[in-house]
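Visitor: I would like to learn how to read a few features of a structure. Could you take me through them slowly?

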Amino acid sequence: MNLLFRVFLCFIFLLPTVSSAQLTSIPSSFQNKKNTIGFASSYGEQLDRNAYFYGFSLDYGRRIKDSPFSIGTVLMWDNEIEKKEIIEENATFSVAVTVSYAITKKWSIGTGIGKGVMENDNPQKEYQWVNGDWSTGIISSYQFNLGGKVFNVSASYEYNITQKETSFSIDLGYVLPF
């Protein structure tokens with residue numbers, strides 16, 4: 001049943017999201033602004049094994065005309081720490097494309113697909129280009145103003161298609177509309 005639910009999620013969202021990525025939605029509250037650049041930090045837990053991760057992301061989003069839909073690209077860095085007999089740690093750079101829908105001026109949902117492109121999972125811990133894992137998921141985001149600046153908090157349920165693993169993460173981001 002759990003696998004069936006995951007497959008259903010992948011098909012229901014045509015461009016399913018990405019591990020630890022900030023949602024690139026552009027709420028209608030930005031009025032004439034069609035683009036955003038966002039910076040986010042994240043923390044997440046692997047649901048299928050004893051591991052957690054933290055990371056950072058940089059994203060670009062663009063609203064599609066005057067609709068509530070937007071598309072985006074994301075560059076992410078995640079450091080995963082697995083607790084085994086010895087603690088294993090590796091970091092990955094990933095890229096993703098996303099699509100989102102602004103439900104209200106503050107709330108949005110999104111999905112996308114991401115791919116690991118560089119990691120340090122080797123004895124020397126040097127970054128190398130890789131044909132990394134594919135990831136997908138669902139993101140929900142809430143945007144708020146604080147001192148005249150725009151921030152967002154997002155939660156995402158992610159599925160690593162390659163490793164067949166799930167995770168949950170929370171992101172806190174800063175958004176620059178232009």
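Visitor: Is Tyr-54 buried, exposed or partly exposed?

Guide: Tyr-54 has a relative accessibility of 31%, so Tyr-54 counts as partly exposed, where buried means under 20% relative accessible area, exposed over 50%, and partly exposed in between (1.4 Å probe, protein chains only). This is a predicted model, in which local features need pLDDT of at least 70 and side-chain atom pairs count only at pLDDT 80 or more, while totals for chains, interfaces and linings use all residues. Residues are numbered from 1 along each chain as its sequence is written, and side-chain values use heavy atoms, with hydrogens and water left out.

Visitor: How many aromatic pairs does the structure hold, and what describes such a pair?

Guide: A pair of aromatic rings is described by the distance of the centres and the angle of the planes. Rings of Phe, Tyr and Trp (its six-membered ring) pair if their centres lie within 6.5 Å, and planes under 30 degrees apart count as stacked, over 60 as edge-to-face and the rest as tilted. The structure holds 10 aromatic pairs; in one of them the rings of Tyr-54 and Trp-77 have centres 5.9 Å apart and planes at 65°, so this pair is edge-to-face. Because Tyr-54 lies in strand β2 (residues 51-63) and Trp-77 in strand β3 (residues 69-83), the pair ties together parts that are 23 residues apart in sequence; strands here are DSSP runs (E, at least two residues), numbered from the N terminus.

Visitor: What kind of pair do Phe-69 and Tyr-101 form?

Guide: Phe-69 and Tyr-101 form a tilted pair, at 4.9 Å centre to centre with 55° between the planes. Phe-69 belongs to strand β3 and Tyr-101 to strand β4 (residues 87-102), so this pair ties together parts 32 residues apart in sequence. Phe-69 is partly exposed at 39% relative accessibility, and Tyr-101 is partly exposed at 32%.

Visitor: Which residues form one aromatic cluster, and how do strands β7 and β8 pair?

Guide: Trp-107, Tyr-142, Phe-144, Phe-151 and Tyr-174 form one aromatic cluster, and within the strands Phe-144 has Phe-151 in β8 as its bridge partner. Two strands pair if DSSP finds at least two bridges between them; β7 (residues 134-146) and β8 (residues 149-160) pair in the antiparallel sense over 12 bridges. These two strands form a hairpin with 2 residues between them, and Gly-147 in the turn has a positive phi of about 60°. On to the next strand, 11 bridges join β8 to β9 (residues 165-177), again antiparallel, with Val-153 opposite Leu-172 in β9.

How values were computed:
Helices (H or I, at least four residues) and strands (E, at least two) are DSSP runs, numbered from the N terminus.
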